[in-house]
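Trainee: I have a chain open and would like to walk through it. Can we start with the surface?

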Amino acid sequence: MSEAASLRYVKGIGPKRAQALAVAGIESVADLVEVYPFRWEDRRAFARVADLAPGRPEATLDLRVVSSRLIRTRKRGFSIFTALLADASGSIKAVWYNQPYLERVLVKDARVVVFGRATLGKSGRDLELVNPDYERLDEDDDTGIHTGRIVPVYRKLGTLGSRSLRSVMFRVLAASTGADLIDPVPAEVRERRGLPPRLAALEAIHFPPGTTAMDDLALRRTPAQRALAFEEIFLVQLALAVRRREVERTRRGAHYEIPDALRVKLARLLPFKLTGAQKRVLKEIGEDLRSPHPMNRLVQGDVGSGKTIVALLTLLVAVENGYQGVLMAPTEILADQHARGILRILREAGSDVKVTVLTGSLKAAARRRALQDVANGYAQLVVGTHALFEAGVAFKRMGLVVVDEQHRFGVMQRMALAAKGTRPDVLVMTATPIPRSLALTLYGDLDLSVIDELPPGRTPVTTLVRREADRARVYDGLKREIAAGHQAYVVVPLVEETAASDLKAATAFAEHLRGAVFPRLAIGLLHGRLKGEEKDRVMHEFSRGAIQILVATTVVEVGVDVPNASVMVVEHAERFGLSQLHQLRGRVGRGGAKSYCVLMVGDGAEGEKARERLATMESTADGFKIAEKDLELRGPGAVFGTQQHGLSDLQFLAAILRDPGLLDTAREDAMRVAGSGGADGVFARLGATWRKRLELPAVG
Ligand code: ADP
Ligand code: MG
C-alpha cells in the first residue's frame, strides 16, 4: 500500500511524531501533504550583524557560535540558553528561553542560521536576539528548511507546532517520488489542462521557489496554488455531479398535486400581495414539486425579502397533499417566532392545519405530547430546531423540509433530517448573499432561486458609525425614537454565546442602561443562556411593545421580526463581520418608520481601522456587495463560518472566487468524467480526509 504510505517509515519523522500526527487525523503521506500552510514568511533576505538596528524588520543571519551558556533557574524546569553569535562583521547575543537542548545543538564553532528581530537588551546598549528561529547547517549546506527561503507557516496540528510540521513536511516531500501521493485528477484531465505534476505543485506550495512573489502567495494565485485549487474544485464538482445523477434517478416518496382549488385556497391565506420575486420563486418551487424527482432548492433572499411566506406556502402544498411539512430554524427564538407567525396567518384565514412546535427546551410532558403528535401524524406542520433530528423523533409521513437560514446549519444536519423522510423534498433558505461562483461550489447540488426584491414600502435604514465621544448624543437620539413610540435593540457582542464572563458583561450593560441612562424606560435582556420559556417571554414582551429597549446578543441576528423597532445600536461593532452586521441591521427598517442603525466603535487604533471597514455599511444596503467586501477582507471561512460546511475549509476557495474560469473548466471536466463513469475510479483513490469532505461513504 504505497499510496497510504505510513508516515512512521519516512526518514527523520520517527514513531513519536508519526503518533502525534495520527492523533490529529493524519495517517499517511497523502493526508499530510494536504495540510497546507495558511501563510508564508519571507526569510530570503540575509543581513550582516553590522546591519542590525532596533526597529528593523526581521532578518536572516548566517552565523557561527562563539560561546554559549545554559542557566537553569531554581524554579523547576526554567532555563535560559544564551549564545554569542558572530559573522565577519560583528557579534550579537542570542537568548532562548526553556530550550535547554540547544546546549547540545548550538555548540562552539557550529554554523547556525537564525531569523529574528534585533532588540535592545536590558543594558540599553547592546542588541540581542530573543527566541529567534534557528537552524544548524553544515559548512557546505545552503538549503535551510527554516531560514534563508520563503518558509511555510502552519496552524498547530494536534501537538505539533508550525516548526515541527515544517521539518516533517520538508522530509516527506524530499523523500517522495510522487508515487506515494494520491493523484485525484485523471491523467487525461491533467494533460488537457496543462497541470504540473502533483508533487511539483505541492513542493511549490509548501516551499515556494525563491523567485515567488509574496503577494501572489498571499492571494493564492501562484501556478501551483491554481493547480491545486483546480484539483479541489474538480473533486467537489465530481462528487456533486454524481450526486445529481443519483437524484435524477431517484423518484420522490411523496406525490403532490397543485390543483387550481388549492391555489385559490392558499391565495386566500395571504395577508399581503406577493412581490414579483416571491411569485417567481414560488413558481420555480411549484415546478419542482410537480416533477417526479425530489426538490433540492436553495432560496437566497436578503434579510426582509419575505422568505417566510414562501416557506409557508410551500409547506402547505405538502400538508394539503396529506404529508407532514417541517420547518427547521437555527434558534429557538426563531422557531417560536415562525410558529407564532404561521399560527396567526392560519387562524386569520380560518385554516385548521395543526401546527406542532418541537424544540430542545420543551418540558418532558409537552415534549412527549409533541413527539406523539409528530409520530401519529396529528401534527401536519412541524416547526422546530435541531431537536427535530434527534434520534427519538419519528415522523408519520414527512414529505417536505424547509430549512431556514441555511448558513447556520451543516450539510450533515440537513441530511440527517432528510433521512427521516422517504427522500423528502428539501427547500433551503438563506439570507447570506453568496456570490454565484461560491454558491455553485458549496451548494452545487442545489438548484438556486433568488428573491431579489424587497416588499414595497420599506424605507432604507440610515447607518451611522459613532465613537465614544458621541455616546450621549446617540442615547438622546434613542430616547427621541422611543418617545415617538418606537422600540430599539442594543446589541452587545459575545465572544462566545455561553461564556460566563461575556454574559456578565451583557447583563451589566443592561443594568447600567436601566439604572443610569434610561431609568424611565422598560429594558429587557435576551441572550442564548436564558431558558427557553424565559427567552420566549422576553421576545413576546418586546414584540407586543412592553419592552422598549431590548439589550441582546447576536441571538437576534437571524430572522427576528418586530416591525415597530426603528433603532439598533451595535456596541463594539468592530468585533463583527460586515455580513453579520448586515444581518443584524435587517432587524430594523421593517415597518413604515424611518430607521437607524448606529455602529459604536472604540476610540483606539482598532476603532480607527474598523471605521474604514464599517464605512461600507454606511454606504450600501446591498447584502451582496457587503458579502463580497467581507470575503475580500476576511476570507470565506470567516464570512460563512466554519460549522456550516466542510467545504468552506477548502484552502483555495479564495482562488476560486477570484477566478471563475477555474470553476467552469473544473466543472466541465467533472461532468465529462462523471458522464463516462470515471467517478468511482477517482473516489476509490481518495484518502479519509477527502472522503469526509465530499461526504462519500467511508470505505472498508
Ligand atoms: P426574511 O426573508 O428576512 O425571512 P420575512 O419573511 O421575515 O423576511 O419578512 C419580513 C417582513 O416582510 C415580515 O414582516 C413579512 O410579513 C413582510 N412581508 C413579506 N412579504 C411581503 C409582501 N409581499 N408584502 C408586504 N410585506 C411582506
Ligand atoms: Mg427569515
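Mentor: A definition to begin with: accessible areas here come from the Shrake-Rupley method with a 1.4 Å probe. Keep in mind that this is a predicted model.

Trainee: How many helices and strands?

Mentor: There are 25 helices and 23 strands.

Trainee: Let's take helix α1. Which of its residues are buried?

Mentor: Helix α1 runs over residues 14–23, and its buried residues are Ala18, Ala20 and Leu21. They sit on the same side of α1, because they cover an arc of only 160 degrees around the axis.

Trainee: What's on the other side of α1?

Mentor: Pro15, Lys16 and Val23, which are exposed there.

Trainee: And what do the buried ones pack against?

Mentor: The buried residues of α1 pack against α2 (29–32) and α4 (162–175).

Trainee: What follows α1?

Mentor: Gly25, with a positive phi near 90 degrees.

Trainee: Changing topic: ligand 1. Which residues are closest?

Mentor: Lys273, Gly304, Lys307, Thr308 and Arg458 are the closest of the 16 residues that surround ligand 1. The shell divides into four nonpolar, six polar and six charged residues.

Trainee: Where do the oxygen atoms of ligand 1 come in?

Mentor: One oxygen atom of ligand 1 lies 2.8 Å from a polar side-chain atom of Lys307. For Thr308, a polar side-chain atom lies 2.7 Å from an oxygen atom of the ligand.

Trainee: How much of ligand 1 does the protein cover?

Mentor: On its own, ligand 1 has 560 Å² of accessible area, and the protein covers 84% of it.

Trainee: What about Lys273: which of its atoms lies 2.8 Å from a nitrogen atom of ligand 1?

Mentor: A backbone N or O atom of Lys273.

Trainee: Last one, Arg590. Buried or exposed?

Mentor: Arg590 has a relative accessible area of 18%, so Arg590 counts as buried, the cut-off being under 20%. Its place is in the loop between α19 (578–585) and β23 (595–601).

Trainee: What does the side chain of Arg590 contact?

Mentor: The side chain of Arg590 makes a polar contact with the side chain of Asp561, at 2.7 Å. A polar atom of the Arg590 side chain also lies 2.7 Å from the backbone oxygen of Gly586.

Technical notes: Residues numbered from 1 in each chain as written. Chains lettered and ligands numbered in written order. Predicted model: local features only at pLDDT ≥ 70, side-chain atom pairs only at ≥ 80, totals over all residues. Heavy atoms only, no water. Helix = DSSP H or I, 4+ residues; strand = E, 2+ residues; numbered from the N terminus. Buried < 20%, exposed > 50% of the residue type's maximum accessible area, 1.4 Å probe, protein only. Arc of directions from axis to C-beta. Contact = heavy atoms within 4.5 Å. Near = heavy atom within 4 Å. Polar contact = N/O pair within 3.5 Å; in protein donor to acceptor, adjacent residues only side chain to side chain. Nonpolar A, V, L, I, M, F, W, Y, C, P; charged D, E, K, R; others polar.
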